[in-house]
Amino acid sequence: MFSRTENFKQYTKYYPVVSTFIAINLILYVLTILPGIGKYVWNYGVQANFLIQTGEWWRILSAMFLHDGFLHVFFNMFSLYLFGPELEKIAGKARFITIYLVSGIVGNMATYLLYDSGYVSLGASGAVFGIFGAFGALVYYTRRTMPMLRKLILPIIVISVIMTFLQPNVNVYAHLGGLVAGFILGLVYLHPKRILSWRKQKMAGK
């Protein structure tokens, strides 16, 4: 399910939304390490709670696409590369975009509301955890019909949450907020009857 065997051309063709999000994150990461422009992108994009308080609300969105160092962007994009395609295929492009962006925004809103005004953060982790949350909802719906899915997904979610609390300099509220938002959206979008209805509509439109 999460084994990626596609080549680059196949991957971008089959999973255009995931590919686009990965590309945006990587391009912005490259921009942030360039002299001059990097500092500008960084200063106007990171989530700085005290600046959001002054009305710079775009940071709640823009911070989702910025990362602090190669390992930070690598691990988030590798997770998106690995887990995103299956959810894009199941939910469809528009619903995947909604899950990803809303989860990231909810995570960053939780960061703003629950951390102090001096807190500064960035990264796609909240959105990635939203993907995990959506899969958690799918596990809930298929707990009797697809027990193997539960055995695959639940350890990933549990380990990710545990590592959230064990690793230093991790935005706990972004992770948990994204996870909860993704789970709720997953409950809305991924009910088996709803998925069957989408597939019937898609087949009828061919």
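Colleague: Before we start, what are the ground rules?

Modeller: This is a predicted model, where local features need pLDDT of at least 70, side-chain atom pairs count only at pLDDT 80 or more, and totals for chains, interfaces and linings use all residues. Residues are numbered from 1 along each chain as its sequence is written, and side-chain values use heavy atoms, with hydrogens and water left out.

Colleague: How many helices and strands does the protein have, and what counts as one?

Modeller: Eleven helices and two strands. Helices (H or I, at least four residues) and strands (E, at least two) are DSSP runs, numbered from the N terminus. Along the sequence the pattern reads α-α-α-β-α-α-α-α-β-α-α-α-α.

Colleague: What makes the radius of gyration agree with a compact globule?

Modeller: The rule for a globule is 2.2 Å times the number of residues to the power 0.38, with the radius taken over C-alpha atoms. For 206 residues that gives a value near 17 Å, and the protein has 17 Å, so the two agree. Along the principal axes, the C-alpha atoms fill a box of roughly 50 × 35 × 30 Å.

Colleague: Which residues does the record mark as transmembrane region?

Modeller: The unreviewed UniProt entry gives residues 14-37, 57-84, 96-115, 121-141, 148-166 and 172-190. UniProt positions are in the numbering used here, feature names are shortened, and annotations may be inferred rather than shown by experiment. In the model, residues 172-190 are 95% helix and 0% strand, with end C-alpha atoms 26 Å apart. Residues 57-84 are 68% helix and 0% strand, and their end C-alpha atoms lie 27 Å apart.

Colleague: Why is serine 103 called buried?

Modeller: Buried means under 20% relative accessible area, exposed over 50%, and partly exposed in between (1.4 Å probe, protein chains only). Serine 103 has 0% relative accessibility, so it counts as buried. Serine 103 sits in helix α7 (residues 93-114), whose buried residues also include Tyr100, Gly104 and Gly107.

Colleague: What is serine 103 in contact with, beyond its neighbours within four places in sequence?

Modeller: Contact means heavy atoms within 4.5 Å. The partners of serine 103 are Thr98, Gly126, Ala127, Gly130, Gly178, Ala181 and Gly182. A polar atom of the serine 103 side chain also lies 3.4 Å from the backbone nitrogen of glycine 182.

Colleague: What makes the pairing of histidine 175 and serine 125 a polar contact?

Modeller: A polar contact is a pair of N or O atoms within 3.5 Å; within protein, one must be able to donate a hydrogen and the other to accept it, and residues adjacent in sequence count only if both atoms are side-chain atoms. The side chains of histidine 175 and serine 125 make such a contact at 3.4 Å. Histidine 175 lies in helix α10 and is buried, with a relative accessible area of 8%.

Colleague: Asparagine 169 and asparagine 171 are both in the loop between α9 and α10. Which is buried and which is exposed?

Modeller: Asparagine 169 is exposed, because its relative accessible area is 82%. Asparagine 171 is buried, because its value is 10%. A polar contact of 2.8 Å joins the side chains of asparagine 171 and threonine 111. Asparagine 171 also touches Tyr115, Tyr119 and Ser121.
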